[in-house]
Amino acid sequence: MGEEKTTQNEELEQNASDLQEEVVEEVFEEVQAESSGEENLKAAEVKIADLEAKLENEANRYLRLQADFDNSRRRARLDLEAAQTYRAQSLVMDLLPAIDNFERALKMEATQEQAQSLYTGMEMVYRGLLEALKKEGVEAIESVGSEFDPHLHQAVMQVEVEGTEPNTVIEEFQKGYKLKDRVIRPAMVKVSQ
C-alpha cells in the first residue's frame, strides 16, 4: 500500500503539475490576448486620430477652395460691371482733344457771313458731340468759383487775388470731364493762394 500511495501521490503531483501548467498557459494566453487587444486598440485609436486629422485638413481645404471660388466669381462680376459702366472711356478720351479744339475755334469771332455760317455749323457739331457724350454719362467738371479739389482739378498756377478765399479756382485753362463717377481728365486750373 505504501507503493500505491507513492504512485498515487506521484500521479496527483503530476496531475497538479499538469493542471498548474494548463492554468498558467490559459492565464498566459488571456494576458497575451488582452495585451494584443490593448495594442490593437491603441493602434486603432492612433489610426482613427490620423484619419480624423486628414478629414479635418480636407474639410478646411474644401472650405478655402469654396471661398476662393466665391471671391473670384465676385471679382469677375465686378470687373464685368465696371467694364460695362466705363465701356466708353477710351472713346471719350480720344474725343476730348477734338472737343477742346472745337471750344478754341468757337471762341473766335466770325465777322463775315460765310465765316458766320461755318461758325454756326461748328457750334452744331460741338453741341451734338456734347449731347452724345452726355448720353454715355460724361459731364464737364465745373471749376471756376469752386474750392480746389485735387481729385477733380490739376493746379497749374497759383496766384494771390484779393477778395477770394484761399484754394478757390479762379480760372480754367482746360475743361475736366467725369464719366459717371470716375474722373477721366482733371480740369487744368489757376488757384488762389
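**Reading strands and a core**

Tutor: Start with a facing pair: Val159 stands opposite Ser192 in strand S6. Remember that this is a predicted model.

Student: How many bridges join S2 to S6, and do they run parallel or antiparallel?
Tutor: S2 and S6 run parallel, joined by six bridges.

Student: In which sense does strand S3 pair with S6?
Tutor: Antiparallel, over four bridges; S3 covers residues 169-174. As an example, Val169 has Val191 in S6 as its bridge partner.

Student: Why is S6 described as largely enclosed by the rest of the structure?
Tutor: Count its buried residues. Buried means under 20% relative accessible area. Strand S6 spans residues 187-192, and five of its six residues are buried, so the rest of the structure largely encloses it.

Student: And the side chains of a strand, where do they go?
Tutor: In a regular strand they alternate between the two faces of the sheet.

Student: Is His153 buried or exposed?
Tutor: His153 is buried, because its relative accessible area is 4%. His153 lies in strand S2, residues 153-159. Its side chain makes a polar contact of 3.3 Å with the side chain of Ser143. His153 also touches other residues, including Phe148, Val169 and Pro186.

Student: Which residues touch the most other members of the largest nonpolar core?
Tutor: Val92, Leu96, Ile99, Val138, Tyr177 and Ile184, out of 13 residues. Helix H2 (89-106), helix H3 (113-135) and strand S4 (176-179) each supply at least two residues. H2 gives the most, with five.

Student: What does Ile184 touch?
Tutor: Among its contacts, leaving out residues up to four places away in sequence, are Val92, Leu96 and Tyr177.

Note on methods
Residues are numbered from 1 along each chain as its sequence is written. This is a predicted model: local features need pLDDT of at least 70, side-chain atom pairs count only at pLDDT 80 or more; totals for chains, interfaces and linings use all residues. Side-chain values use heavy atoms; hydrogens and water are left out. A nonpolar core is a set of buried Ala, Val, Leu, Ile, Met, Phe, Trp, Tyr and Cys residues joined through side-chain atoms within 4.5 Å. Buried means under 20% relative accessible area, exposed over 50%, partly exposed in between (1.4 Å probe, protein chains only). Contact means heavy atoms within 4.5 Å. A polar contact is a pair of N or O atoms within 3.5 Å; within protein, one must be able to donate a hydrogen and the other to accept it, and residues adjacent in sequence count only if both atoms are side-chain atoms. Two strands pair if DSSP finds at least two bridges between them.
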